[in-house]
Amino acid sequence: MTRASPRRLLGLPNMKLYHNPLSPNVRRVRLTAAVLGITLEEKLLDFSKGEHKSPEFLALNPNGAVPTLVDGEFALTESRAIMQYLASKKPESGLLPKDEMARADVTRWQFWDASHFSPQCATLAFERILKKMMGLGEPNEAKITEALANFRRFGAVLDARLKGKQYLVGNALTLADLTVASSLMYAKQADVPVAEFPNVEAWLGRITALDGWKQTGA
Ligand SMILES: N[C@@H](CCC(=O)N[C@@H](CS)C(=O)NCC(=O)O)C(=O)O
C-alpha cells in the first residue's frame, strides 16, 4: 500500500514536477524534495519525442525545458527558484535559513553555481557522456579544454570556501550544498578533475552519502 503524502491527507493535491531524469537541473530539485520529505507527482517528459516542446508544456514553460513545477495555478521554472519555493514550505528544515545573511549567502552560492560552476560541469558531461548517448557526434576537444580550465578556476574557489568546513554556508546542510553538488552529477563518468580539490571531494562525499542523493539517481 502506498502512503498518502501529508498534502494529500490535508486534501491538497501534490505539486507536479515535469522532469527528465538525465538532467542535473532536475536532480537538484528532486534531491531537495527528497531531503525535505516532500512528495512530488512526477511527470516524465520524453525528449526524444519532443514532449518538452509541445504546446501544452510550452504554456507552462516557454523555454521548453525541465524542471518545471506546478502548484495549483502556479507554474514555476528555474531549478534554483524551485528549490527555494520547496524549502519555503518547510522553513524548519533550515535548508533556506531564516537569518537574512545566511539566506543571502545560500542564494549567492546558487547564483554562483548558475553563472560560473554548473556551465563547466554541463559542458564536460555533454561532450564526454551525453553527446555519445544521444548519437550527436564526437566530443568537441576545444570546448572540453575551455571547460576544464574554467572548472579548475572555479573549483579552486569552491575548495577554498570549504577549507575547514563541512558545508558551504554555516554548519549545516543548505540549498547551497544541494545546488552545487547536483552540478557534479556526472563528475565521475565525465572524468571531471574533482580529486584535484580535496575539500571539494570530501564535501561531495558527504552530499552523495545522503539518502536523498541515492534516491534521486538517474
Ligand atoms: N536554468 C534552467 C535550465 C533548464 C534546462 O536547460 N534544462 C535542460 C535539461 S538539463 C533542458 O530541459 N533542455 C531542453 C532544451 O532547452 O531544449 C534551470 O536551472 O532550471
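Trainee: What share of the contacts in the chain with a separation of 6 or more comes from residues 24 or more positions apart?

Mentor: Such residues account for 68% of those contacts. Two residues are in contact if their C-beta atoms, placed from the backbone, lie within 7 Å. Please bear in mind that this is a predicted model, in which local features need pLDDT of at least 70 and side-chain atom pairs count only at pLDDT 80 or more, while totals for chains, interfaces and linings use all residues. Residues are numbered from 1 along each chain as its sequence is written.

Trainee: Why does the radius of gyration of the chain agree with that of a compact globule?

Mentor: The radius is taken over C-alpha atoms, and the globule rule is 2.2 Å times the number of residues to the power 0.38. For 218 residues a compact globule would have a value near 17 Å, and the chain has 18 Å, so the two agree. The C-alpha atoms fill a box of roughly 50 × 45 × 35 Å along the principal axes.

Trainee: What percentage of the residues in the chain is buried?

Mentor: Buried residues make up 35% of the 218. A residue is buried if 20 or more other C-beta atoms, placed from the backbone, lie within 10 Å of its own.

Trainee: What makes strand 2 and strand 4 edge strands?

Mentor: Four strands form an open sheet of mixed pairing, in the order 2-1-3-4. Strand 2 (40-44) and strand 4 (74-77) each pair on one side only, and are therefore its edges, since pairing requires at least two bridges found by DSSP between two strands. Strands here are DSSP runs of E with at least two residues, and helices are runs of H or I with at least four, numbered from the N terminus.

Trainee: In what sense do strand 1 and strand 3 pair, and over how many bridges?

Mentor: Strand 1 (residues 15-19) and strand 3 (residues 68-71) pair in the antiparallel sense over three bridges, which meets the requirement of at least two. L17 has L69 in strand 3 as its bridge partner.

Trainee: Which domains does the assignment give, and how many residues of each are in contact?

Mentor: The assignment, automatic or from a database, gives domain 1 (6-92) and domain 2 (100-215). Eleven residues of domain 1 are in contact with 14 residues of domain 2. Helix 2 supplies the largest share of the domain 1 side, seven residues.

Technical notes:
Buried ≥ 20, exposed ≤ 12 C-beta atoms within 10 Å, placed from the backbone.
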